[in-house]
Amino acid sequence: DPQQLELATTSTRKLRRFIVIDEVVDKLYGSQVREYFEENNVQHKILALPTTEETKSMDLVLNILQEVQDFSIDRRTEPIIAIGGGVCLDIVGLAASLYRRRTPYIRVPTTLLSYVDASVGAKNGVNFLQCKNKLGGYTPPVASFLDRSFIQSIPRRHISNGLGEILKMALMKHKGLFDLLKSHGKYLLDTKFQSCSSFADHGDAALQTTRIAIETMLEELAPNLWEDDLDRLVDFGHLISPELEMRVLPSLMHGEAVNVDMAFMTYVAHARGLIAAEEREQILQCMRGLELPVWHSGCSWALIKRALRERLKHSGGQPRMPLPTGLGVAEIFNDTSEETLEKAYKLWVRD
């Protein structure tokens, strides 16, 4: 808004910002963040919090709002800034949406998963009654600031975790992205998504991969930001995984649980005759190359049935099951029989 920009640059009033930062990120980058605000003469309050799936609750949202109230921000011109992984961005998004009904906020993702997933779209939320993201809303941020240099400090497993969500978009919508992951997966893990000019044979695989993943996600989300249409290809990997992830916490990270779900659904697609055995093996080989789990002992047949019953409640009485119909192409199905699912499950467990 040019008017707001002029007001901000000409105003004698000191700029003020309220920042919520994940406590692990604060240990790594907190001094630089503080230095940045001090150098720019911004009055600021930094709240460092433990933002994990286990702490992702309304209690934490209320803690944040108490601090926001004490700091006293302008509800239109002083956005709350969230710096952290997906859980942090989700919690702060919900807090901002509740404070004075809608306070602007900015997302700064610091993990690969949040970079390509939580930073995109309008959703926010917290866990409730042991159900993932049961409370939440749709309030897009005013901006997402993407900086891949944050990713270099996260452990290799976290990179792999983020690759699960990138692979989801590749399998649903983009064969070229699938080929990139197949060819450069190990390199991306080794270099932690940093752009390395010394490896010319890889080009800028990190930039290409993240850009395509985000663009395909936006293509899918933007026309349906408030999920009025419940047929969503981005739900691939998210039919069984919410139940599985909450059941086995903290043994599976989000992207890992999503990948276990995608591996099972790949078997379902093959059992239905949608993909050939060779395509199924290519997908599983790519998953292993990205160091993602393709099975978990907690994913029992009983859990799958329970998760699909929950899915019916959540998606208007239809399973709305996204399945690959090839590499990089997919459709949504409502007619997968229990017999087909059980056959796919037995093959998956056997393999």
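Trainee: Which residues does the UniProt annotation "domain: 3-dehydroquinate synthase N-terminal" cover?

Mentor: According to the unreviewed UniProt entry, that domain covers residues 48–160. The model discussed here is predicted.

Trainee: How many disulfides does the structure hold?

Mentor: A disulfide is a covalent bond between the sulfur atoms of two cysteines. The structure holds zero disulfides. For Cys286, the nearest cysteine sulfur belongs to Cys299 and is 20 Å away. For Cys299, the nearest cysteine sulfur is that of Cys131, 17 Å away.

Trainee: Is Cys286 buried or exposed?

Mentor: Residues under 20% relative accessible area are classed as buried. Cys286 has 4% relative accessibility and therefore counts as buried. Cys299 is likewise buried, as its relative accessible area is 2%.

Trainee: Turning to pockets, how much space lies in the second largest pocket?

Mentor: The volume is about 1200 Å³. The second largest pocket is lined by 34 residues, of which Arg17, Pro79, Ile81, Ile106 and Phe145 are the closest to its centre.

Trainee: Which element supplies the largest share of that lining?

Mentor: The largest share, five residues, comes from α2. At least two lining residues each are supplied by α1 (2–10), β1 (16–22), α2 (23–39), β3 (80–84) and β4 (105–109).

Trainee: How do the lining residues of the second largest pocket divide into nonpolar, polar and charged?

Mentor: The lining comprises 20 nonpolar, six polar and eight charged residues.

Key
Residues numbered from 1 in each chain as written. Predicted model: local features only at pLDDT ≥ 70, side-chain atom pairs only at ≥ 80, totals over all residues. Heavy atoms only, no water. UniProt positions renumbered as here; feature names shortened; annotations may be inferred. Disulfide = S-S within 2.5 Å. Buried < 20%, exposed > 50% of the residue type's maximum accessible area, 1.4 Å probe, protein only. 1 Å grid on protein atoms, 1.4 Å probe; cavity = no way out; pocket = protein on both sides within 12 Å on 5 of 7 lines; lining within 4 Å. Points joined across faces, edges and corners; volume = space filled by probe spheres on them. Helix = DSSP H or I, 4+ residues; strand = E, 2+ residues; numbered from the N terminus. Nonpolar A, V, L, I, M, F, W, Y, C, P; charged D, E, K, R; others polar.
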